[in-house]
Amino acid sequence: MLGIIGGSGLYDIEGLTIEGEERILTPYGEPSDNYIIASYKGKKVVFLPRHGRGHKYPPHLINYRANLWGFRKLGVDRILSISAVGGIRQTFEPGDFVLADQFLDFTKVRPVTFYEGIYTIKDETDDKNDLVKEYIQNERVVHIDMTQPFCPAMRTILAKIFEEKKITYHPSGVYAATEGPRLETSAEIVALTRLGADMVGMTLVPEIVLARELAMHFASINVITNLAAGITGNRLTSDEVIEMMKEKTDQIKQVILSFIENLPDKLECECDKVLEGAAI
Ligand code: HPA
């Protein structure tokens, strides 16, 4: 089943048929909000606003582990994540969409793994029978491959949708994840540019890392809401981020609905095998 994570300015998805809400408690604490159980053209999906409805949680205090564990409990095995980002690459314009294909991690204070060896937090109610459960129960230390972090099959489907709908998008981009909640200095953006970053945001990591630790497929749609610090010389505001997300809501909705419709039962990729041989 598909899980959709909404970012700043995206707290629900018009067009889905809402079937109910689930409050899920996890051994890692509370997820950002109730999960919205919905369907579209006969396909069931689960939606969660990353910051909670009303935008309660700043990026560094989002309980990413609880969010991903809750999705697992609901039977989600693939995640579509939507985020607002600042544009760095010269050809990225505000309002463009970018499908991330790599990330750079500059976060600092977030729990980054489910697999903590002898400190592992266990979920005795976990009813799955897979490597995740085995590794957690046996307190294993796990190093997952991140060579190609994003699901290539999901990215291909998304690219086709953007092409068909003639929405301006970039098929790849390196996402630099900063700790926040403050925005970056101009010098940091210059440094990130030299390091190969194409866009900057505060939430992709550890979200994708934790999803991958649960052997989920993960794709990330990013909306360039502003040019990153120092590029235009203007002061950056949250107002412009939310305004741009509002402006793009209709296109985001169209892409999500089409994605749900076009997502096959079986994805042709290796994402679900990432845990094989990953534990010590
Ligand atoms: N920096 C970090 N996060 C962001 C930005 C930015 O410029 N815009 C939207 N999210």
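This is a predicted model: local features need pLDDT of at least 70, side-chain atom pairs count only at pLDDT 80 or more; totals for chains, interfaces and linings use all residues.

**Exercise 1: the ligand**

Task: Find out which residues surround the ligand and which polar atoms come up to its nitrogen atoms.

Solution: 
- Step 1. Start with the surroundings: A84, V85, G86, L183, E184, V200, G201, M202, T225, N226 and V241 are around the ligand.
- Step 2. The most come from β5, which gives three.
- Step 3. Next, check the polar atoms. The side chain of N226 has a polar atom 2.7 Å from a nitrogen atom of the ligand. For E184, a polar side-chain atom lies 2.8 Å from a ligand nitrogen. A84 uses its backbone instead, with a polar atom 3.3 Å from a nitrogen of the ligand.
- Step 4. Finish with the cover: of the 260 Å² of accessible area the ligand has on its own, the protein covers 93%. As for the place, the ligand sits in the largest pocket.

**Exercise 2: pairs of rings**

Solution: 
- Step 1. Know what to look for: the distance of the centres and the angle of the planes describe a pair of aromatic rings. This structure has eight aromatic pairs.
- Step 2. Y115 is in the loop between β7 (102-106) and α2 (131-137), while Y135 is in helix α2, so the pair links distant parts of the chain, 20 residues apart. Both of these residues are buried.
- Step 3. One more thing to spot is a cluster, in which ring pairs link Y28, W69 and F114.

**Exercise 3: a threonine in a loop**

Task: Is T26 buried or exposed, and which backbone atoms does its side chain reach?

Solution: 
- Step 1. Locate T26 in the loop between β2 (17-22) and β3 (35-40).
- Step 2. Check its relative accessible area: the value is 11%, so T26 is buried.
- Step 3. Follow the side chain of T26. The backbone oxygen of G29 is reached at 2.7 Å, and the backbone nitrogen of Y28 at 3.0 Å.

**Exercise 4: an aspartate in another loop**

Task: Decide whether D127 is buried or exposed, and find what its side chain contacts.

Solution: 
- Step 1. Go to the loop between β7 and α2, where D127 is placed.
- Step 2. The relative accessibility of D127 is 62%, so D127 counts as exposed.
- Step 3. Look at the side chains: D127 and K128 are joined by a polar contact of 3.4 Å.
- Step 4. Compare chain and space: D127 and K73 are 54 residues apart along the chain, and 8.2 Å separates their C-alpha atoms.

**Exercise 5: a covered helix**

Task: How many residues of helix α5 are buried, and what follows the helix?

Solution: 
- Step 1. Walk along α5, residues 204-213: ten of its ten residues are buried. Among them are L204, P206, E207 and R212.
- Step 2. Step past the end of α5 to A215, which has a positive phi, near 60 degrees.

Technical notes
Residues are numbered from 1 along each chain as its sequence is written. Side-chain values use heavy atoms; hydrogens and water are left out. Rings of Phe, Tyr and Trp (its six-membered ring) pair if their centres lie within 6.5 Å; planes under 30 degrees apart count as stacked, over 60 as edge-to-face and the rest as tilted. Helices (H or I, at least four residues) and strands (E, at least two) are DSSP runs, numbered from the N terminus. Buried means under 20% relative accessible area, exposed over 50%, partly exposed in between (1.4 Å probe, protein chains only). A residue is near a molecule or strand if one of its heavy atoms lies within 4 Å of it. A polar contact is a pair of N or O atoms within 3.5 Å; within protein, one must be able to donate a hydrogen and the other to accept it, and residues adjacent in sequence count only if both atoms are side-chain atoms. Accessible areas come from the Shrake-Rupley method with a 1.4 Å probe; for residues, only the protein chains shown count as cover. On a 1 Å grid over the protein atoms alone, a cavity is a set of points where a 1.4 Å probe fits but cannot get out, and a pocket is an open set with protein on both sides within 12 Å along at least five of seven lines; lining residues have an atom within 4 Å of a point. A molecule sits in a cavity or pocket if more than half of its atoms lie within 2 Å of its grid points.
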